[in-house]
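The sequence and structure come first.

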Amino acid sequence: MHSGKRALKGPASLAVPLTTLLAALALLLGIPASGAFAATQDSGSVEGKTFTIGTDTTFAPFEFRENGELVGIDMDLVNAIAEDQGFDVEIRSLGFDAALQALQSNQVDGVIAGMSITEERQKVFDFSDPYFESGIQMAVAENNNDISGYEDLEGKRVAVKTGTEGQAFAESIKDQYGFDVIAFAQSAQMYDDVKAGSSVAVFDDYPVLAYGIKSGNGLKTVTDKEAGSSYGFAVNAGSNPELLEAFNAGLANLQESGEYEEIMDRYLDAGAADSSFWSLVTDNAPAFAKGLGLTLLATALSLFFALILGIIFGFFKVSSKVVLRGIATTYVSIFRGTPVLVQAFFFYFGLPQLIGQPVDVLTAGVLTLSLNAGAYMTEIVRGGIQSVDPGQMEAARSLGLGYGKTMQKVVIPQAIKIMTPSFINQFVITLKDTSLLAVIGFAELTYQAQQIYAVNFRTAEVLLIVAALYFIVITLLTKLADVLDKRFNK
């Protein structure tokens, strides 16, 4: 359960020609339409309408991936309620923080993510009737026999998940029992921290913890369940009252028919099945393939636009005109001087507030990587041109060649040979930087890995597979670039 987290103000989406191209490519790869491409909602009856619903990425058993599909209590509930009330839903698996930001920026119509109903959140969101009553438990590593209660935590460190009720509870008692708290973005990460011995215990929602233990997360509970709060479906305050009313009506119908209990029993009594390493690879091959495809797509589009930007601003940097040099210097300073993650959050959550329209995740990702890589390519182009001996320009001009012809025939060919190794290096960096887009819900390779180990808790093995895929792709890309370099720069 998530609680005590302050949602950041977010965005809407991008209406530029690039959006149309990226949307078409996204459809080919099975990315659900959202933001600018999602249906606009009208007030009144929900029947026949489509609502975009944000959710967490990894919060089993409430939302997680199984055979590449997003499943869990929350997913089954919202889909069953939608069917009962006659509307459709498009699910956007963003992560808890990102889902709340997307809701506040109107990129989604509602959020269902095991979210606790708190007084603080009720100031910002309107909540449905509670659909689950939660609680908190503490767990330690299976082989840890030294920690049996809160009094054994003095002077030690415990792990929690950011924004959960587990974090709120741990923070509320840490001074009383004298322990420190460290927060992680995902349940699997905090479980691994406890198993590694860096933290001695973990506080988590009891259904999430129970599911993890059944799935082999290597922990055991050592305390009774503490009273918790209720989970609710959320919309922006004063917005989509008809959706909230339909959710409540559908929830009541499911509880009356018994389907609600069937959904709960399906997940609360289950755990992830164990399997061999080979089964881990084959069972999740579709997810890895989709992630790799999106990684390559984002890389190719980003490098294409980055190369154009690099050439344009690179020539600006060596221009004799002060204004052009100033424009290029400003661009480079901004995108080299700020972290890629900050840029990704800005384009996905901040830019829509400025332009008044939503930005889909692929567009935001490509904008981020293109502009960031373009800044570095600008410096590569500038450095390559300025590395050519000035005497080459002087000699060509003395022979009667104009500035443009001299650049085309003399300077640029030599500069390309100088720039090629740096370009290859930037290509590799951009490919690896696609992994950072997982934070805004772009379903590339790293994102897919997070979905997989969040369910089976086999973090090391899953990351080993992902690392191998990155290594193979980067090696092939480097070999291809070397072949092209030798062919065209003899």
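## Annotated transmembrane regions

The unreviewed UniProt entry places the feature "transmembrane region" at residues 292-316, 328-349 and 462-481; such positions are given in the numbering used here, feature names are shortened, and annotations may be inferred rather than shown by experiment. The model is predicted: local features need pLDDT of at least 70, side-chain atom pairs count only at pLDDT 80 or more, and totals for chains, interfaces and linings use all residues. Residues are numbered from 1 along each chain as its sequence is written, and side-chain values use heavy atoms, with hydrogens and water left out.

Residues 292-316 are 100% helix and 0% strand, with end C-alpha atoms 35 Å apart. For residues 328-349 the end C-alpha atoms lie 26 Å apart, and the span is 86% helix and 0% strand. Helices are DSSP runs of H or I, at least four residues, and strands are E runs of at least two, numbered from the N terminus.

## Nonpolar cores

A nonpolar core is a set of buried Ala, Val, Leu, Ile, Met, Phe, Trp, Tyr and Cys residues joined through side-chain atoms within 4.5 Å. Buried means under 20% relative accessible area (1.4 Å probe, protein chains only), exposed over 50%, partly exposed in between. The largest core has 64 residues, and L77, F87, I112, Y131, Y191, V202 and F233 have the most contacts inside it. Helix α2 (residues 73-85) supplies the largest share, 7 residues. Apart from this core lies another, of 46 residues, including L94, L294, L301 and L351.

## Packing of α2 and α8

Helix α8 (residues 241-257) packs against α2 at about 100°, with the axes 9 Å apart. Axes are lines fitted to C-alpha atoms, for helices over the stretch in contact, and angles run from 0 to 180 degrees between N-to-C directions. The two helices are therefore roughly perpendicular (65 to 115 degrees; under 35 is roughly parallel, over 145 roughly antiparallel, the rest oblique).
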